[in-house]
Each structure stands twice: as structure tokens, then as C-alpha cells.
Amino acid sequence: MARHVAVVRFPGTNCEFDVVEAVESLGGTAEIVFHDRSDLGAADAVVVAGGFAHGDYLRPGAIARFSPVMSAVAEFAAAGGPVIGICNGFQVLTEAGLLPGALQKNAGLKFRCEMVELRVESTDSSLTNAASRGAVLRVPINHFEGNYTCSAETLAELRGEDRVVLRYVDNPNGSVDDIAGVCNAGRNVVGLMPHPERACHELLGSTDGRPLLASFL
Amino acid sequence: MTFEVLVNVSLRPGIADPQGATIERALPALGFAGVGHVRVGKSIAFTVDADDEAAARSTVEDLCHRFLTNPVIEDSSISIAAVAPVD
């Protein structure tokens, strides 16, 4: 079943081509949708790709969330469609209120660019349903503001509802409860800081991103 | 009327501030003793046209809540002053 993916691009997004390449390598089709569009075409899934939308001015994602395309993404998410936010896309989805919490500067104030290990904590989400619970995946990170933060109440809710879908094996950025990825209550919207699209080919050092992306294809 | 506005954005109490902590750790090496509780925020200055100060404040509060701060991690304080009319 070939599925069509809308890859959202803002001014400053820089991972959209990697996502398109990875989706196509998995048998799906993809198109890049610019931020000023108010429809997503015939998409079966949406990926908000990483980068530095609007220069990360004010806060990462703060300006991007007001783009016309984000209204379409919110409608698509409300209808149950899979929406995946990767890195800066995760920041955009939290700013847009489609996912709880916020991403703040890494503990240690270092830009972290390295391969990390992620443990699949739940396979009940649009990003993890083709992965195995408990599996450890090698996927790279590339961020300065990836320190996931939320209120104690939100954290209790995320844990109670099994909505922490990915955790770092060795926390690189200070994220609360080692959180690398979370989903919404409907489990169709997922955000994660690591880049599965950069772990889809042996030449890139890992193919562990494939089961994640395959989950919505 | 035109009002000059200054919004101070700060991290909410209890939210870790790695920038503030890094600055604080550097202070002893520079010879500053007794300086603590460093928190880093940002200030945003702009003008607002409104009928009166209450209306201006209402606009700015809405702006702060929806755009200038992320209420999950940030608070804001607002100062507003009318710009003296030019004759």
C-alpha cells in the first residue's frame, strides 16, 4: 500500500528532502508543501520536517505555528490523520498545541549532533506501530533545544496513558523522564527530536529509522 | 493614543535555566562573590495604538499569551507608558 506524504516546509526548514528520500525508499510517495498553502492535497500522512523554521526567532516554532499550512495540519490531525513532527517539527507541534509540553535549551547548553539509542516504549502510535516494544534503535540527534519539559500533571498523564513512545537510553539533553518522543491522546500525532529519516540507509550508519517511518506508510 | 510597551519574558519558577546556571558558575572566576539566583530572560519593546491604557494592556496581554511567551515554560511582565503627543 503506497501512501502519499505531505512534507511541510517553512522558510528555514532543511530536512524536507531527507524525509522525501526516506519515504520514497520505503515505497511511499511524498511532496513538499510550503508554509503558505492552506491545503495538504491528497496526503495520507503529514511530516513536519526539521530545520530552523523562521530562523527559530522568538522561540523555535513560535512563528511557524501561525502559518496557513498549520491550520490544515491541525484539521488533518483532528480528523485522525498521522502527523509526525521531527526535531524542529516537534517544536512546531508543541507550539501549535497539537502536542503537550515544550522543548527548551539542552541541559549543558551544547548543540548535540550524534548517534543516540532510543528505546521503543509504546507501539501504539502512528510512528511506532511497525516497531517492536522494547527495541533499541540507533537514530541521530541534531539539536540545541531538545530538552523536553512539561508540568508534573502533564508528565503523569503522558505516563499514565502510555504516551511516551520513545525514550533515550542515555539522555543527551536533560529531557524530563528521558523523553525522546511523545504522542497526543489520539495517538496519531507524534513528535520526536531524533531524525529517523537520517537512519534509513546503511551508508548513513543505521537503518533503524525505517520501522519508525514505515509505521505511517 | 500610542503606548510604548516593554515586555519582559522570563522562565517560570521551577523551569531549569541552563544559561543562568552557566553564567552563575562563571561568576566566582571573575571575582564576583555573593551573586546568585541568575535567571536569563529576554525583553521585547514595541508600540501599540489604542484608545486608552486599559485597552493597550488588554492587547498586550493577549499578545503575550498567544505569541510572545510559551506559557508552558515562560512568564511575562508588562510595562506600558503613553507616548507624549507631538504638537
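1. Strands E9 (residues 164–168) and E10 (residues 179–183) of chain A run antiparallel and are joined by 3 bridges, where helices (H or I, at least four residues) and strands (E, at least two) are DSSP runs numbered from the N terminus. Val164(A) stands opposite Val182(A) in E10(A). Two strands are taken to pair if DSSP finds at least two bridges between them.

2. On how to read these points: this is a predicted model, in which local features need pLDDT of at least 70 and side-chain atom pairs count only at pLDDT 80 or more, while totals for chains, interfaces and linings use all residues. Residues are numbered from 1 along each chain as its sequence is written, and chains are lettered from A and ligands numbered from 1 in the order in which they are written.

3. E9(A) and E10(A) belong to an open sheet of 9 strands with mixed pairing, in the order E2-E1-E3-E4-E11-E10-E9-E6-E7 of chain A. Strand E2 (29–34) and strand E7 (136–143) of chain A stand at the edges with a single partner strand each, so that one side of each has no neighbour in the sheet. From one strand to the next the twist averages 25°, with axes fitted as lines to C-alpha atoms and angles running from 0 to 180 degrees between N-to-C directions.

4. Helix H3 (residues 88–95) of chain A is mostly covered, with 8 of its 8 residues buried; a residue is buried if 20 or more other C-beta atoms, placed from the backbone, lie within 10 Å of its own, exposed if 12 or fewer, and partly exposed in between. Among the buried residues of H3(A) are Phe90(A), Val92(A) and Leu93(A), and the buried residues of this helix pack against strands E3 (45–48), E4 (83–86), E5 (102–104) and E11 (189–192) of chain A. Just after H3(A), Gly97(A) takes a positive phi of about 80°.

5. Chain B has 2 helices and 3 strands, which run β-α-β-α-β from the N terminus on. Its radius of gyration, taken over C-alpha atoms, is 17 Å, whereas a compact globule of 87 residues would have one near 12 Å by the rule of 2.2 Å times the number of residues to the power 0.38. Of the 87 residues of chain B, 14% count as buried.

6. Between the chains, 9 residues of chain B are in contact with 13 residues of chain A, contact meaning that C-beta atoms placed from the backbone lie within 7 Å. Helix H1 (residues 18–26) of chain B gives the largest share of the side of chain B that touches chain A, namely 3 residues.

Conventions. Contact = placed C-beta atoms within 7 Å.
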